[in-house]
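Good morning. Please have a look at the picture before I start.

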Amino acid sequence: MASLGGNILPPDPHSKIYLAGIAVFLLVGICYSTLLLKKPKGSESPSLLQSLWLFFYSCFLKPHNGDSNGTQQDALESFYKTQAGAYDATRKALLKGREDMLALAAAQLVHRAKNGDEKRRIWVDVGGGTGWNIEAMSEFVDVAQFFDSVYLVDFSPSLCEVARKRFERLGWSNVTVICQDARKFRLEDHEPSLGRLASSSNPDHSYPPLERPRHGGADLVTMSYSLSMIPDYYSVIGSLSILLAPNGILGVVDFYVQSQVDVSFRNYHGGLVDRHVNFFGRTFWRAWFDIDRVALEPGRRDYLEYSFGTVLNVNTRNYILGGIPYYIWLGAHKRPSSSSLPHEIFKVDALVTESESPYLHPANHSSALSRAVEKAAPEIRSKAFDAAIVNIASNLPLPSFFYQNHHYRIYYDDQLKKHTQFNDEYIYAFTWEDTRVDAQILKLKSDDVVLAITSAGDNILSYALQSPARIHAVDLNPTQNHLLELKVAAFSSLPYEDFWKIFGEGKHPEFRSLLISKMSPHMSSRAFQYWLSNHHIFTKSKGGLYDTGGSKHGIRIFRWISRVFGCRSAVKQLLAAKTLNEQREIWRNKIRPAIFSRLVSKFVVSQEAFLWTALGVPKNQLAIIENDHAVSDVVCGPEARAKNTRSHAIWEYMVNTLDPMVGTTHIATDNPYYLVTLDGKFSRRCHLDYQSAAAHARLSRPGAFDGLRIHTDEIDEVLARIAPGTLTVAVVMDSMDWFDPGSTAAAAQIAKLNRALRMGGRVMLRSSGLKPWYLAEFERHGFVAKCHGERTEGKCIDRVNMYASCWVCTKCENLAPPTPEMDSIVGPEITSLQI
């Protein structure tokens with residue numbers, strides 16, 4: 001290499017560092033001079049490059065000390081003044097969830113408008129900044145027409161100026177921008193009708209009233225990423241209740257960090273799905289946002305949830321920017337506004353327990369109701385009642401279930417181990433009970449009160465089509481009840497085509513949008529949380545609803561077996577068969593040899609883990625199958641062909657299930673249970689009864705589900721809290737098979753069924769046994785058992801044919817002590833009833 005020549009030496013490493021630092025400084029200076037000082041002309045918005053630089057400079061380089069006054073407004077201006085024009089362009093990726101919060105709030109308001117709430121609508125957006133939220137709301141409602149008045153309240157003059165220009169451009173004369181401390185904003189100063197009420201109680205007009213009204217007139221109050229930037233958040237949250245109308249909605253979206261330890265003991269949070277943020281996340285995000293005076297301490301959200309009742313609650317992450325935790329929360333006044341608080345609790349309690357006195361609103365209910373409650377036995381108080389009383393005594397909000405638009409989902413403690421054992425997964429995506437046979441056996445009438453296991457909810461909806469007086473749906477698995485809630489919400493809010501895509505085909509590309517903007521007002525917070533977190537079930541390209549749940553393992557194993565044995569095409573031929581004879585031939589020659597392989601039976605189907613995970617068969621039910629097999633003709637008869645082993649027992653049970661079903665029902669046109677198993681979806685000509693257009697027309701009517709109560713609990717717990725002698729029908733499916741014959745649990749539940757049922761009331765059950773052992777217990781506890789279907793070899797008892805027998809046990813006598821009559825519970829004090 002040639003020398004530099006003369007006395008010039010190459011620069012040393014330290015000189016390079018100095019030169020690099022000077023270069024960076026000059027580069028920053030050039031960027032500052034070209035981007036920051038070069039202001040856009042007129043109303044021209046900054047370019048994307050300018051916006052990004054302004055955002056970076058304002059957030060990480062520029063000090064935010066304000067002027068010598070040291071006020072909060074000065075600090076805000078120091079932060080926002082230089083970037084006000086670029087604010088919207090740089091916040092879209094950072095401030096996630098704003099559209100979802102607006103959509104949820106709009107859905108609540110639209111639902112209430114449809115139910116006769118036609119008064120003036122007022123919206124106050126606290127910390128509304130540039131007005132982006134108000135313009136974004138136009139995607140969900142016509143802001144200029146839907147709201148009579150909209151008030152944007154913000155403390156930054158620069159952001160307010162941007163907002164004024166925005167609404168001048170839009171021509172929205174009903175929007176007013178107010179640059180003011182949110183703590184001092186008084187809606188009555190701007191609304192003439194509210195102002196008259198305030199002034200009438202304040203003779204001295206030189207000072208603001210020392211006592212403000214308990215409720216305001218705003219139907220909607222929103223805070224979008226502003227609560228975390230307000231130092232004195234206690235007083236601001238306190239002022240929100242003064243702004244909010246008695247039946248108003250409060251919507252908040254903001255950053256947060258919190259450990260589940262802080263909230264797991266509370267019962268009013270509306271669900272804890274994804275709320276926990278790990279230690280690293282809590283430490284990092286609090287420190288990161290503290291640079292810009294954004295406070296993520298849990299106390300802000302805690303105080304918000306303490307001050308109001310939770311309607312809906314969502315915890316999620318902004319994964320575009322590293323998984324920043326944020327929440328969306330909808331709330332209402334702490335005290336339900338539909339009636340006096342004690343009467344609201346008693347009303348919900350009565351709807352759960354079938355207790356007549358609070359349910360039949362007497363004309364003299366104020367005194368008679370309290371006397372009836374005092375005289376009623378403690379065991380018929382619902383868990384919702386117990387939780388509400390504890391919360392009221394502690395000055396806490398009621399559980400979120402009390403703030404829903406519908407009261408069909410009953411309070412439960414989602415942190416109990418008996419609920420968490422299911423790991424947030426349902427077992428059944430569709431119900432394996434033939435509703436056609438159920439309807440033929442039960443013949444429900446308008447005065448029937450039905451208790452049934454929820455499962456996937458298909459049978460519950462079938463009963464609802466028959467319009468009984470009340471249906472109590474019971475399931476210990478919360479997600480099975482979430483699935484029923486989703487179906488009920490879809491009936492209440494969606495047109496038939498959307499409903500069919502979700503539950504007929506199991507997929508809908510717009511499911512998430514429909515869930516937020518249409519179905520959310522008809523769901524409990526926990527069910528909404530669950531389906532929002534699992535919306536991919538319906539939106540992914542493969543699979544769908546009927547490829548989920550624990551039963552998906554059985555369906556997938558069947559598909560795997562069909563591929564291994566090369567009969568996948570035969571399955572398609574089976575579904576395309578035009579006649580029953582054609583179906584039988586394809587089954588017998590192409591599919592049956594693979595499904596009934598002894599190898600498959602021994603190493604897959606007969607395994608306890610598979611039977612429970614895929615088919616929901618517990619060990620006690622498996623024992624019933626094995627016991628029946630041990631004494632069957634195939635083992636003990638003159639032409640015995642099977643061994644007394646588990647694999648042979650399961651093989652014979654499968655043969656007796658599938659052979660008669662294929663031989664007597666045409667799957668493609670009249671067996672939706674096996675159609676969805678084989679094809680992953682229902683068809684327009686073969687589906688469950690609740691999926692028809694006629695069923696949708698009937699169940700989408702207002703009040704169609706007023707008689708529905710969804711209990712997340714054991715059957716025993718629900719029976720113990722239902723008033724004696726009120727049920728007429730109990731459908732327990734195959735749950736009695738699950739009891740241990742050596743324990744007294746089955747007898748205890750049968751005794752509770754006797755107590756809850758009226759004389760002549762019926763218990764319908766199915767069993768994997770031909771004559772299950774617990775029938776003798778029913779007979780000892782005042783029932784008469786009658787068989788309504790027995791699956792002998794080659795015989796099909798219904799289209800599912802999954803169970804060996806079907807029984808109806810009818811109550812013929814009361815157990816000692818006698819079942820109390822309802823008159824003795826109500827008492828003579830209630831003389832006039834108004835239903």
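One term first: a helix axis here is a line fitted to the C-alpha atoms over the stretch in contact, and an angle between two axes runs from 0 to 180 degrees between their N-to-C directions. Please also keep in mind that this is a predicted model.

With that term we can describe a pair of helices. Helix α26, residues 568-576, packs against helix α34, residues 672-679, at an angle of about 145°. Their axes are 11 Å apart. The crossing of α26 and α34 is left-handed. Which residues make the contact? From α26 they are R568, V571, L574 and L575, and from α34 they are L675, L678 and D679. Sorted by class, this contact has five nonpolar residues, two charged ones and no polar ones.

Now the chain as a whole. It has 835 residues, and 56% of them are buried. It contains 39 helices and 14 strands. Of the contacts with a separation of 6 or more, 74% are between residues 24 or more positions apart.

Is A490 buried or exposed? The cut-off for buried is under 20% relative accessible area. A490 has 0% relative accessibility, so it counts as buried. What does A490 touch, leaving aside its neighbours within four places in sequence? It is in contact with F499, F503 and M519. There is also a distance to give: the C-alpha atoms of A490 and K518 are separated by 8.2 Å, and these two residues are 28 residues apart along the chain.

M519 leads us to the next helix. In helix α22, residues 511-519, the buried residues are F511, L514, L515, I516 and M519. What covers them includes α20, along with α5 (98-114), α21 (496-503), α23 (525-533) and α24 (536-539).

Now the sheets. As a general point, strands of a sheet pair through backbone hydrogen bonds, and they do this either parallel or antiparallel.

Seven strands form an open sheet in the order β3-β2-β1-β4-β5-β7-β6, and the pairing is mixed. Its edge strands are β3 (175-179) and β6 (308-318), each of which pairs on one side only. On average, neighbouring strands in this sheet are turned by 15° against each other, ignoring direction. Helix α8, residues 157-170, lies across β2 (149-154) and β3, and runs at about 165° to β3.

Within this sheet I will stay with strand β5, residues 244-255. One of the bridge partners is the pair of A218 and L244, the latter in β5. From β4 the chain crosses through helix α10, residues 233-243, to β5, and this β-α-β crossover is right-handed.

β5 also pairs with strand β7, residues 324-333, this time in the antiparallel sense and over six bridges. G251 has L330 of β7 as its bridge partner. V252 stands opposite W329, which is in β7.

The other sheet I want to show also has seven strands. It is open, its order is β10-β9-β8-β11-β12-β14-β13, and its pairing is mixed. Here the edge strands are β10 (708-711) and β13 (783-790), and each pairs on one side only. Neighbouring strands are turned by 15° against each other on average, direction ignored.

V474 has H711 of β10 as its bridge partner. Helix α37, residues 745-756, packs on the sheet and touches β11 (727-733), β12 (757-767), β13 and β14 (805-811). The direction of α37 makes about 140° with that of β12. Helix α20, residues 478-493, lies across β9 and β10 and runs at about 155° to β10.

Definitions and conventions
Residues numbered from 1 in each chain as written. Predicted model: local features only at pLDDT ≥ 70, side-chain atom pairs only at ≥ 80, totals over all residues. Heavy atoms only, no water. Pairing = 2+ DSSP bridges. Helix = DSSP H or I, 4+ residues; strand = E, 2+ residues; numbered from the N terminus. Right-handed = clockwise from strand over helix to strand, strands pointing away. Contact = heavy atoms within 4.5 Å. Left-handed = near helix turned anticlockwise from the far one by under 90°. Nonpolar A, V, L, I, M, F, W, Y, C, P; charged D, E, K, R; others polar. Buried < 20%, exposed > 50% of the residue type's maximum accessible area, 1.4 Å probe, protein only.
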